[in-house]
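Open the model in your viewer and keep the selection panel handy. We will go from one stop to the next, with a note on what to select each time.

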Amino acid sequence: MFFLNKYVVWSICIVGIVLVSMFLFTSFLVFRQYQEAAPKNADYLIVLGARVKGEKPSKSLKNRIKVAANYANSNPNTVVIVSGGKGKGEKISEAECMERELIQLGIQKQRIIKEDQSTNTYQNFIFSKRLLPKGAKIGIVVSNDYHLYRAKKMARKVGLNVYGLPAKTPLKAIPNAYLREPISILKAILLKQM
């Protein structure tokens, strides 16, 4: 009985250390994203999709849309690419949802390009790259802060020269996002997507 309790205690301690380490690792990567300033007048802005509830953006997606709209309104020559397909439980594609919201926030429809075939972050960049305006060199990727490190690495892997523009992660989503992201980074490395 003593050995079983000792084993359980050690197991709990190890799991706790792993979870705390994952959280700290992701926090460090997130903090680094705030050190990078996004350049003005980028040629393009790629807004990565996130969950859509029916036809409405989730809180995470809404935050991305607001950050993208603020940048686009301040940089009128930047083309906006909204990237994301239609997932389970979504009545419209993430790209369609983002386009609608951006138009409501004052971005002209002519400035928005929809990429609505992708189902993951790596595909977001592969498919968005095909839609870039001719001669486009410098871009910006918008995603939630916890996701931006991996997103930028993936974009650069497919040959895009991008800077990151972080959107806040909703408070409710932080524990899950910060614990899941190191696993997603490891998976992307193993799949040679970063």
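Start with the largest pocket, whose volume is about 950 Å³. A pocket here is an open set of points on a 1 Å grid over the protein atoms alone, where a 1.4 Å probe fits, with protein on both sides within 12 Å along at least five of seven lines; lining residues have an atom within 4 Å of a point. The volume is the space filled by probe spheres set on the points, with grid points joined across faces, edges and corners.

A word on the model: it is predicted, local features need pLDDT of at least 70, side-chain atom pairs count only at pLDDT 80 or more, and totals for chains, interfaces and linings use all residues. Residues are numbered from 1 along each chain as its sequence is written, and side-chain values use heavy atoms, leaving out hydrogens and water.

Now select A50, R51, R64, Y146 and R180: of the 37 lining residues, these lie nearest the pocket's centre. By class, the lining has 10 nonpolar, 17 polar and 10 charged residues (nonpolar: Ala, Val, Leu, Ile, Met, Phe, Trp, Tyr, Cys and Pro; charged: Asp, Glu, Lys and Arg; polar: the others, Gly among them).

Which helix gives the largest share of the lining? Select α6 (174–190), which supplies six residues. Helices α2, α4 (121–129) and α5 (145–157) also each supply at least two. Helices are DSSP runs of H or I, at least four residues, numbered from the N terminus.

Axes are lines fitted to C-alpha atoms over the stretch in contact, and angles run from 0 to 180 degrees between N-to-C directions.

The axes of α4 and α5 come within 9 Å and cross at roughly 40°, which makes α4 oblique to α5. T121, Y122 and F125 in α4 meet residues of α5 including H147, R150 and M154.

Finish with α2 (59–74) and α3 (94–104), which pack at about 50° with axes 10 Å apart. Their contact has seven nonpolar, no polar and two charged residues.

Methods:
Parallel < 35°, antiparallel > 145°, perpendicular 65-115°, else oblique. Contact = heavy atoms within 4.5 Å.
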